[in-house]
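Here is a short note for a colleague who has not looked at this entry before. The points can be read in order.

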There are 2 protein chains.
Amino acid sequence: MRNLSHNIEQYILNRLDGEEENFVSLRRKDLAEMFECVPSQINYVLRSRFSPEQGYIIESRRGEHGYIKIVKISCVTPEEKVEHTSDLIGKSISLHEASRLLEYLEDRELITQRERLLIEIALRHSSRIWEDETNNRREEMFADLLKRMLKGLMLIKDEKKTRRERIISL
Amino acid sequence: MRNLSHNIEQYILNRLDGEEENFVSLRRKDLAEMFECVPSQINYVLRSRFSPEQGYIIESRRGEHGYIKIVKISCVTPEEKVEHTSDLIGKSISLHEASRLLEYLEDRELITQRERLLIEIALRHSSRIWEDETNNRREEMFADLLKRMLKGLMLIKDEKKTRRERIISL
DNA sequence: CTGCCATTGATTATAGCTGACCTAGAAAAT
DNA sequence: ATTTTCTAGGTCAGCTATAATCAATGGCAG
């Protein structure tokens, strides 16, 4: 009972592992039946364990022949140095510092020019939106947003680790 | 077997692929018979999968010797792409609609998976930050952020600067 | 005790599909 | 030339099967 969500998570991860592709298609209703729970439980699991921040994108359709597609973003980026990106960012970061970090990551080819652009735009946007806030508050938010975005991208490299853990845990 | 609409869509796409030209001519009635469904089902498929937004134009004629012609539009300049996506987004957009749009852009290879992930994270972030706002206000902000990010991507020059050049330009 | 995570079910939203009715155009009848 | 008829295709409301959301509750760790 206590590990319903965990079991469902494991099931989905296994399915993902088994697939040739980097995604699985499920039917919420079937899954709910398989685990003998209410359908909305599946949404909970997806929300709490397969978010974009965690490297997944969910697509779905309702109605007849509806489905839920869980896509694992898995471009193979080598290089491990970003393990400490979070540390580099810290609790707060200025726009200027953020730019320098992105420049560095692009040089290391951990992100592309286009990805850097996206992140800069997102940061500027929240900067504008929060221009009335204190400087410190804003820089905390920059740090939060930046971490989420970079972690999302870097999570890809954790794939092998996660897989090993999963196999051991079987 | 997945579903009727999907099968019909695939059939049309195959026909398009097979043709020398960038269009196919069909007869609604024949298709309906082939897939054993009511004729209006064909209209549904065309409406939901071959709209102008998705890069297609439909021409048709009624009466004897009626037909439906599906034309695939291909060449689009970056500027047109920008215009187009801006229109698609509109003044406000829900998270769900945004997701669908990103799905579509990825299918058309206008953005990569990683870029899509970044945008989803940015949207969710501002969603969380602004959860106290009215729904409409939030959806306006989603639209604004989404437009900025997509415009940025569509306009970016694909100049393949080498790492050396980048470093020199610092 | 308190806060967070898990679970549930009621309510709402939407894709897919059908069928009844509508319209355009060509050919046949006058 | 005009009217009639016939053969397509078009529209739309509405039903069904799903999925999403949300608010309420339970239960465990700190």
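Which element gives the largest share of the lining of the largest pocket? Point 3 answers this.

1. The model is predicted. Chain A has 170 residues, and 43% of them count as buried.

2. Eight helices and three strands make up the secondary structure of chain A. Along the sequence they come in the order α-β-α-α-β-β-α-α-α-α-α. Of the contacts in chain A between residues at least 6 apart in sequence, 61% join residues at least 24 apart.

3. Helix 5 of chain B gives the largest share of the lining of the largest pocket, with seven residues. This pocket has a volume of about 1600 Å³. Its lining counts 43 residues, and the closest to the centre are A:Arg61, B:Gln54, B:Arg100, B:Glu103 and B:Asp107.

4. Both chains contribute elements to the largest pocket. From chain A, strand 1 (23-26), strand 2 (56-61) and strand 3 (67-72) each supply at least two lining residues. By class, the lining has 18 charged, 13 nonpolar and 12 polar residues.

5. The second largest pocket has a volume of about 1000 Å³. Of the 30 residues that line this pocket, A:Asn43, A:Leu46, A:Ile58, A:Ser60 and B:His96 lie nearest its centre. Two or more lining residues come from each of helix 2 (28-34), helix 3 (40-49), strand 2 and strand 3 of chain A, and from helix 5 and helix 6 of chain B. Strand 2 of chain A has the largest share, six residues. The lining divides into 12 charged, 10 nonpolar and eight polar residues.

6. Over all chains, the structure holds four aromatic pairs. One of them joins A:Tyr11 and A:Phe35, edge-to-face, at 5.8 Å centre to centre and 75° between the planes. A:Tyr11 lies in helix 1 of chain A and A:Phe35 in the loop between helix 2 and helix 3, so the pair ties together parts 24 residues apart in sequence. A:Tyr11 counts as partly exposed because its relative accessibility is 23%, and the cut-off for buried is under 20%.

7. A:Phe50 and A:Tyr56 have ring centres 4.8 Å apart and planes at 70°, so this pair is edge-to-face. Both A:Phe50 and A:Tyr56 are buried.

Key: Residues numbered from 1 in each chain as written. Chains lettered and ligands numbered in written order. Predicted model: local features only at pLDDT ≥ 70, side-chain atom pairs only at ≥ 80, totals over all residues. Heavy atoms only, no water. Helix = DSSP H or I, 4+ residues; strand = E, 2+ residues; numbered from the N terminus. Buried < 20%, exposed > 50% of the residue type's maximum accessible area, 1.4 Å probe, protein only. Contact = heavy atoms within 4.5 Å. 1 Å grid on protein atoms, 1.4 Å probe; cavity = no way out; pocket = protein on both sides within 12 Å on 5 of 7 lines; lining within 4 Å. Points joined across faces, edges and corners; volume = space filled by probe spheres on them. Nonpolar A, V, L, I, M, F, W, Y, C, P; charged D, E, K, R; others polar. Phe/Tyr/Trp six-rings, centres within 6.5 Å; stacked < 30°, edge-to-face > 60°.
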